[in-house]
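Subject: Structure handover

Hello,

Here is the structure I promised to pass on. My notes follow below it.

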Amino acid sequence: MKFSLALNFSAVCVACSVVGMGVASAAPVIPTTPGPGQSNHADAIRYSAENPGAVPPGVNDPECVPTPQDSEPVILVHGTDATVYSDWAGLGPVLKTAGYCAYALNYGASPDGTSYGFSDIAGSAEQLKEFTESVLTKTGATSVNLVGYSQGAAVTRYYTNRLGGDAVVDKWIGIASPTYGGTAYGTSPVLQAVPGGTTLVAGEFGPALVELLQGSDFLNRLNAGGDTVPGVEYTNIATRVDETIQPYTNALLRDPGATNIVIQDVCPQDNVAHFTFTYDPTAIGLVLAALDPTAGIVAPCGPVPLGAGILDVVIASNQQLTEHR
């Protein structure tokens, strides 16, 4: 979820009125033009805006051969108002170096095709299901591992828990997962209480954004009867200083057997934010450890000041939003 979207919630609340949504889920886009790796989210957002078909190094490589040969394909699923490149230009090259074959799709396009992670999450999960089946067919693998960031964690979990994905998903890894939703900086109760409030937001910013609010019908349905399903290993990586999901405990899975990792428990001086999470070295190390728990991988730990990188992401996101409009 980009900060540019969240900043508009207050203005939306003032102007709430009933509007028609009429949003349909477009077909997924599979980027194939290799771009450079990136070390921070803001630079990746800027590059993605200028190169909309870009894909991180090693991702969607038709010639990829995993090492070891029995390692499962890894499917990366981006967040709201994002792309494969903008969210995964840090992790993608790391996976390639580690010997994994990684794949990713741009899902949930907006009606004008300028934004992804826009349309309803169930429809996006259907796109992920189709994409996963194509990856299994192309690679000859019988199972995959999913890594979802922000909205991508909800998309992957809906596919796994509700669309039969548990038959082929070995490991589910969530980063900054909106498991029980965010409060949109405290404005979501107002949006949900004012007649037409959530409808207006959905029409402007996409149905997915409303579905990720705390207490939404979508999240209530997804979590009903338990937030995991048997046979899948769930690893959930969260931060106490998440600026989008409050309280941060809403990011955690509640079923027994799921592994929740709060990054400050691993590295107390790492105050990584929601908007910079997929570029954090500790988070990347935790993903690698979750993909191969037997490898003895220890995530690096270094100081990250509170709020570091957020302003740059805000600027990059708003530049992209201005260009689209």
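Is Y47 buried, partly exposed or exposed? Y47 is partly exposed, with a relative accessible area of 23%. Buried means under 20% relative accessible area and exposed means over 50%, with partly exposed in between (1.4 Å probe, protein chains only).

Please note that this is a predicted model: local features need pLDDT of at least 70, side-chain atom pairs count only at pLDDT 80 or more, and totals for chains, interfaces and linings use all residues. Residues are numbered from 1 along each chain as its sequence is written, and side-chain values use heavy atoms, with hydrogens and water left out.

Confidence

pLDDT is the predictor's confidence in each residue, from 0 to 100. The protein's mean pLDDT is 87. Of its residues, 83% reach 70 or more. Two stretches need care. Over residues 1–25, pLDDT stays under 50. The model has 66 contacts for residues 1–25 beyond four places in sequence. Contact means heavy atoms within 4.5 Å. pLDDT also stays under 50 over residues 193–203, with 27 such contacts.

Aromatic pairs

The structure holds 4 aromatic pairs. The rings of Y47 and Y85 have centres 4.9 Å apart and planes at 35°, so this pair is tilted. Rings of Phe, Tyr and Trp (its six-membered ring) pair if their centres lie within 6.5 Å; planes under 30 degrees apart count as stacked, over 60 as edge-to-face and the rest as tilted. Y47 is in helix 3 (residues 41–50) and Y85 in helix 4 (residues 84–88), so the pair links distant parts of the chain, 38 residues apart. Helices (H or I, at least four residues) and strands (E, at least two) are DSSP runs, numbered from the N terminus. Y85 is buried, at 0% relative accessible area.

W88 and Y149 form another pair. Their ring centres are 6.4 Å apart and their planes are at 75°, so the pair is edge-to-face. W88 belongs to helix 4 and Y149 to strand 5 (residues 144–149), 61 residues apart. W88 is buried at 0% relative accessible area. Y149 is buried too, at 2%.

Salt bridges

How many salt bridges does the structure hold? There are 4. A salt bridge is a side-chain nitrogen of Lys or Arg within 4 Å of a carboxyl oxygen of Asp or Glu. D43 and R46 make one at 3.3 Å, N to O. Both lie in helix 3, 3 residues apart, about one turn of the helix. D312 and R46 make another at 2.6 Å. D312 lies in helix 14 (residues 310–324) and R46 in helix 3, so the pair ties together parts 266 residues apart in sequence. D312 is partly exposed, at 31% relative accessibility. D265 and R240 also meet in a salt bridge, at 2.9 Å. D265 is exposed, at 54%. R240 is partly exposed, at 38%. Salt bridges that share partners join D43, R46 and D312 into one network.

R157 is in helix 7 (residues 151–162). R157 is buried yet has no salt bridge. The nearest side chain of opposite charge, D227, is 5.3 Å away. Lys and Arg count as positive and Asp and Glu as negative; His and the chain ends are not counted. Residues that R157 touches include W172, D227 and Y234.

The charged end of R254 sits over the ring of Y180, 3.5 Å from its centre. The cut-offs are NZ of Lys or CZ of Arg within 6 Å of the ring centre and within 35 degrees of the ring normal.

Best wishes
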